[in-house]
Amino acid sequence: MAKKYDFERAKQIIESRKDEIQEASLGMYEDWFWTNETVFRDEEYQVDLDKVKLVAGIGGSYWATPTLMLKLKNGKSECIPCYIGEVNVR
């Protein structure tokens, strides 16, 4: 089973920290440069997280980790794994 973006959780995190977030992006942590997309910037959503199905054309991964990256107004950044599902390991 692939790890898929948890858009509901991403929105909950953004909503709970809206005042301190400059920008929020979703992407695959291990391949961030090619897979990330800004979903929130300057207190406005860039992507409707209630309707979106894919980020940069990707809905999930068997090997990479769907991640929410927060760039905070204080200059710090945080990466938060943000997915549902697990990879089956044998």
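I begin with strands E1 and E8, which run antiparallel and are joined by two bridges. Strands here, like helices, are DSSP runs, numbered from the N terminus: a strand is E with at least two residues, a helix is H or I with at least four. Two strands count as paired if DSSP finds at least two bridges between them. Across this pairing, Tyr 5 stands opposite Tyr 83 in E8.

A word on the source. This is a predicted model, in which local features need pLDDT of at least 70 and side-chain atom pairs count only at pLDDT 80 or more, while totals for chains, interfaces and linings use all residues. Residues are numbered from 1 along each chain as its sequence is written, and side-chain values use heavy atoms, with hydrogens and water left out.

Back to the strands. E1 and E8 belong to an open sheet of three strands, in the order E5-E1-E8, with antiparallel pairing. Strand E5 (60-61) and strand E8 (83-84) are at the edges with a single partner strand each, so one side of each has no neighbour in the sheet.

Next, E2, E3 and E4. E2 and E3 are antiparallel and pair over four bridges. Leu 26 has Glu 37 in E3 as its bridge partner. E3 and E4 also pair in the antiparallel sense, over two bridges. Here Arg 41 stands opposite Glu 44 in E4. These two strands make a hairpin with two residues between them, and Asp 42 in the turn has a positive phi of about 50°.

Is Ser 25 buried or exposed? Its relative accessible area is 5%, and Ser 25 is therefore buried; the cut-offs are under 20% for buried, over 50% for exposed and partly exposed in between, with a 1.4 Å probe and protein chains only. Contact means heavy atoms within 4.5 Å. Leaving aside neighbours within four places in sequence, the contacts of Ser 25 include Trp 32, Thr 38, Val 39 and Leu 68. With Thr 38 there is also a polar contact, side chain to side chain, at 3.5 Å. A polar contact is a pair of N or O atoms within 3.5 Å; within protein, one must be able to donate a hydrogen and the other to accept it, and residues adjacent in sequence count only if both atoms are side-chain atoms. Between Ser 25 and Ile 14 there are 10 Å in space, C-alpha to C-alpha, and the two are 11 residues apart in sequence.

Ile 14 takes us to helix H1. This helix covers residues 7-17, and its buried residues are Phe 7, Ala 10, Ile 13, Ile 14 and Arg 17. Why do the buried residues line one face of the helix? Seen down the axis of H1, they fall within an arc of 125°, so they line one face; the arc is that of the directions from the helix axis to the C-beta atoms. In general, an α-helix has 3.6 residues a turn, so residues three or four places apart point the same way. Glu 8 and Ser 16 are exposed, on the face of H1 turned away from its buried side. The buried residues of H1 pack against several strands, among them E1 (3-5), E2 (21-28) and E3 (37-41).

Now the charged pairs. How many salt bridges are there? The count comes to seven, where a salt bridge is a side-chain nitrogen of Lys or Arg within 4 Å of a carboxyl oxygen of Asp or Glu. One of them joins Glu 20 and Arg 17, at 3.0 Å from N to O. Glu 20 is partly exposed at 35% relative accessible area, whereas Arg 17 is buried at 18%.

Another joins Glu 23 and Lys 71, with the closest N and O atoms 3.8 Å apart. This pair links distant parts of the chain, as Glu 23 is in strand E2 and Lys 71 in strand E6, 48 residues apart. Glu 23 counts as buried at 16% relative accessibility, and Lys 71 as partly exposed at 38%.

Lys 73 and Glu 43 form a salt bridge too, at 2.9 Å from N to O. Lys 73 sits in the loop between E6 and E7, Glu 43 in the loop between E3 and E4, and they are 30 residues apart. Salt bridges with shared partners also join Arg 17, Glu 20 and Glu 78 into one network.

Last, the rings. The whole structure has three aromatic pairs. Rings of Phe, Tyr and Trp (its six-membered ring) pair if their centres lie within 6.5 Å; planes under 30 degrees apart count as stacked, over 60 as edge-to-face and the rest as tilted. Phe 33 and Trp 34 have ring centres 4.9 Å apart and planes at 90°, so this pair is edge-to-face. Both Phe 33 and Trp 34 are exposed.
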